[in-house]
Amino acid sequence: MSTADKTRWLDAEEQRTWRQLSTMILRLQPVLSGQLQREFGISHFEYLIMACLSETPGSRLRMSVLATITGSSLPRLSQAVGRLEKRGWISRQPDTEDGRYTVAVLTRAGLRRLQEVAPSHVDTVRDLVFDRLTRPQTRQLGTICQRILDGLPPDDSWPSATPS
């Protein structure tokens, strides 16, 4: 029996839903990035880096962990952090626990900038996503996303989901 004979192909509804999900994921990112770039001169990726750091104790993370959380390669993250560093919004320091690692730290200026940018970004996210959903649909979307995430292979470098 060939692999094709064992494949559980998507039915028409699953195929349509998969295309919609894939398209939404691919289209949402550049729309969010475009809004941030036009209004604030930063990409969505740079915003995500600063937001992730702001949510951690001491506003600091190892670069390798930050790369995982942002779904980035270390070289891509390093370039973005370099741009943010030039603006004084992030600094890089040796990890005090293990000097082989580098830690990205959100600076006070970076936190102030994030606080300036966040309201507009949240308004855009609300407009593009949450204002289009009912409260039950929002909960259902969260449940669906978590169920899919729970089925992904384990990754110890990824932070666990926090219950809401």
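I take buried to mean under 20% relative accessible area, exposed over 50%, and partly exposed in between, with a 1.4 Å probe and protein chains only. I read helices (H or I, at least four residues) and strands (E, at least two) as DSSP runs, numbered from the N terminus.

**Ground rules.** I am working on a predicted model, where local features need pLDDT of at least 70, side-chain atom pairs count only at pLDDT 80 or more, and totals for chains, interfaces and linings use all residues. Residues are numbered from 1 along each chain as its sequence is written, and side-chain values use heavy atoms, with hydrogens and water left out.

**Overview.** I found 7 helices and 3 strands in the protein. From the N terminus on, I read the order as α-α-α-β-α-α-β-β-α-α. The C-alpha trace spans about 55 × 40 × 30 Å along its principal axes. Of the 164 residues, 31% count as buried.

**Helix H3.** I went to H3 next, and 9 of its 11 residues are buried, so this helix is largely enclosed by the rest of the structure. Among the buried ones I noted His44, Phe45, Glu46 and Tyr47.

**Salt bridges.** I count a salt bridge when a side-chain nitrogen of Lys or Arg is within 4 Å of a carboxyl oxygen of Asp or Glu. The count comes to 5. In one of them, Arg83 meets Glu46, with the closest N and O atoms 2.7 Å apart. This pair links distant parts of the chain, Arg83 in helix H5 (residues 74-86) and Glu46 in H3, 37 residues apart. Glu46 is buried at 6% relative accessible area, while Arg83 is partly exposed at 41%.

I then checked Arg62 and Asp95, whose side chains form a salt bridge at 2.4 Å, N to O. Arg62 lies in strand E1 and Asp95 in the loop between strand E2 (90-94) and strand E3 (102-106), so the pair ties together parts that are 33 residues apart in sequence. Arg62 is partly exposed at 24%, and Asp95 is buried at 9%. The charged end of Arg62 also sits over the ring of Tyr101, 3.9 Å from its centre.

Asp98 and Arg100 make another salt bridge, at 2.6 Å, N to O. Here Asp98 is buried at 18%, whereas Arg100 is exposed at 70%.

**Threonine 56.** I found Thr56 in the loop between H3 (44-54) and E1 (60-62), buried at 17% relative accessible area. A polar atom of its side chain lies 2.8 Å from the backbone oxygen of Leu53. The Thr56 side chain also reaches the backbone nitrogen of Arg60 at 3.1 Å.

**Nonpolar patch.** Helices H2 (12-40) and H7 (135-150) each supply at least two of the residues, and H2 gives the largest share, 4 residues. Leu10 is in the loop between H1 (3-6) and H2, partly exposed at 44%.

Note on methods
Lys NZ or Arg CZ within 6 Å of the ring centre and 35° of its normal. Polar contact = N/O pair within 3.5 Å; in protein donor to acceptor, adjacent residues only side chain to side chain.
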